[in-house]
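I opened my notebook to record what I looked up in one structure. Here is the structure, and my entries follow.

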Amino acid sequence: MNTSKILVTGAAGFIGYHVSQKLLESGHEVVGVDNLNDYYDVKLKQDRLRLLEHDNFKFIMQSLENIPVMQNIFATENFDYVIHLGAQAGVRYSIENPHAYINSNIIGFMNVLEGCRHYGIKHLVYASSSSVYGANTQMPFSTKHNVDHPVSLYAATKKSNELMAHTYSSLYKIPTTGLRVFTVYGPWGRPDMAPFLFTKAILDGDPINVFNHGHMKRDFTYIDDIVEGILKVADKIPTTDQSWDSSRPDPSSSYAPYKIYNIGNNTPVSLMRFIEIIEEHTGKAAIKNLLPMQPGDVHTTYADVTDLGEDVGFMPHTSLETGLERFVKWYRQYYNY
């Protein structure tokens, strides 16, 4: 991208913070929108807003589902690109508080799409999730696979985002790219996710909850790889796929300016190995509380990132050993361990 003005939703969130930071370092002007909700520690979100130290960063504290506010933001700011990362996250929390997911992930995304429609956005890049693969067991997960069997409302809202984006790409020729993100982790991460929960508990000498008795695998993807993938994809505006065949439709592309990519490390790691690496970097043994599989969870995630590599020349590559070493180091510094 040439120097541009970019809306980043969820800018005080984990991925949004890192994406905004990288955009600012690259000379772009960034407007960040976030409601700073209390789903997890608000202080962590506020501390991420050290982004305000940059002259080219403007922060707007608002909820995406607020229709008149979102209309006004698009009308007054004159964005070139939108990177939509704001959402109500969490698979398990979607069982406890489903309405939060409809408000943020459906209504909020609708408002973003309407802004893109009416104000000439060059490219909308948005975060989908590996959760959309749901009950699929064919590995690795490919964007060419059917994803019509979600097992959580969170996953259903992310699949809905892909369908909504395609509709707007088809009707209004808005270029949209969805990124199915696989288990992102790293410094400034979310406290509700395993790297954070396990590191804290192990350092404090508390037990960790190990679901499905540890018999799970995840395609853990380091934050720097996620950010690089997002920015490279943002620079590749989708166009009509001339080879798209309506009699044999490829769900990852379209006759419309629409594209879907996986963004994962392409290397599933067992949950037990994940715990071992944290033990190595904390210097303490975990006390494991072995529990059954939780509702809405899946056994394995594994990303096929062939299309991402072919189209933008990048594939995530940071090893879990390297990434967790960096995360534990950050955690110790941030929390004064």
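**Entry 1: strands.** I began with a pair of residues: isoleucine 6 stands opposite tyrosine 81 in strand E4. The model is predicted, so I noted that local features need pLDDT of at least 70 and side-chain atom pairs count only at pLDDT 80 or more, while totals for chains, interfaces and linings use all residues. Residues are numbered from 1 along each chain as its sequence is written, and side-chain values use heavy atoms, with hydrogens and water left out.

I checked how strands and helices are named: helices (H or I, at least four residues) and strands (E, at least two) are DSSP runs, numbered from the N terminus. Two strands pair if DSSP finds at least two bridges between them. Strand E1 (residues 5-9) and E4 run parallel and are joined by four bridges. E4 also pairs with strand E5 (residues 123-129), in the parallel sense, over four bridges. There I found histidine 84 opposite tyrosine 126 in E5.

Which way do the side chains of E4 point? Tyr81 and Ile83 point one way from E4 (residues 81-84), and Val82 and His84 point the other way. In a regular strand the side chains alternate between the two faces of the sheet. All four of these residues are buried. Buried means under 20% relative accessible area, exposed means over 50%, and partly exposed lies in between (1.4 Å probe, protein chains only).

**Entry 2: serine 4.** I moved to the segment before E1, where serine 4 lies. Serine 4 is buried, because its relative accessible area is 6%. I listed its contacts, leaving aside neighbours within four places in sequence: His28, Glu29, Asp80 and Tyr81. Contact means heavy atoms within 4.5 Å. The C-alpha atoms of serine 4 and leucine 231 are separated by 13 Å, and these residues are 227 apart along the chain.

**Entry 3: helix H1.** Is H1 enclosed or open? Ten of its twelve residues are buried, so H1 is largely enclosed by the rest of the structure. Among the buried ones are Phe14, Tyr17, His18 and Leu24. Glycine 27 follows H1 and has a positive phi, near 95°.

**Entry 4: a pocket and a cavity.** I looked up the terms first. On a 1 Å grid over the protein atoms alone, a cavity is a set of points where a 1.4 Å probe fits but cannot get out; a pocket is an open set with protein on both sides within 12 Å along at least five of seven lines; lining residues have an atom within 4 Å of a point. Grid points are joined across faces, edges and corners, and a volume is the space filled by probe spheres set on the points.

The second largest pocket has a volume of about 300 Å³. It is lined by 13 residues, and the closest to its centre are Lys22, Ser26, Val227, Glu228 and Leu231. Helix H1 (14-25) and helix H8 (223-234) each give two or more residues to this lining.

My search of the whole structure found one cavity of 30 Å³ or more. The largest cavity holds about 40 Å³ of space. Its lining includes Phe14, Arg190, Met193 and Phe327. Strand E7 (184-185) and helix H7 (194-204) each give two or more residues to the lining of the largest cavity.

**Entry 5: loops.** Most residues other than glycine have a negative phi, and most peptide bonds are trans. I noted some exceptions. A cis peptide bond joins methionine 139 and proline 140, with omega about -10°. Proline 140 sits in the loop between E5 and helix H6 (153-172). Lysine 173 has a positive phi, near 60°, and lies in the loop between H6 and strand E6 (176-181). Lysine 173 counts as exposed because its relative accessibility is 53%.

Asparagine 266 has a positive phi as well, near 65°. At 30% relative accessibility, asparagine 266 counts as partly exposed. Asparagine 265 lies in the loop between strand E11 (258-263) and strand E12 (269-270). Asparagine 265 is buried, with a relative accessible area of 10%.
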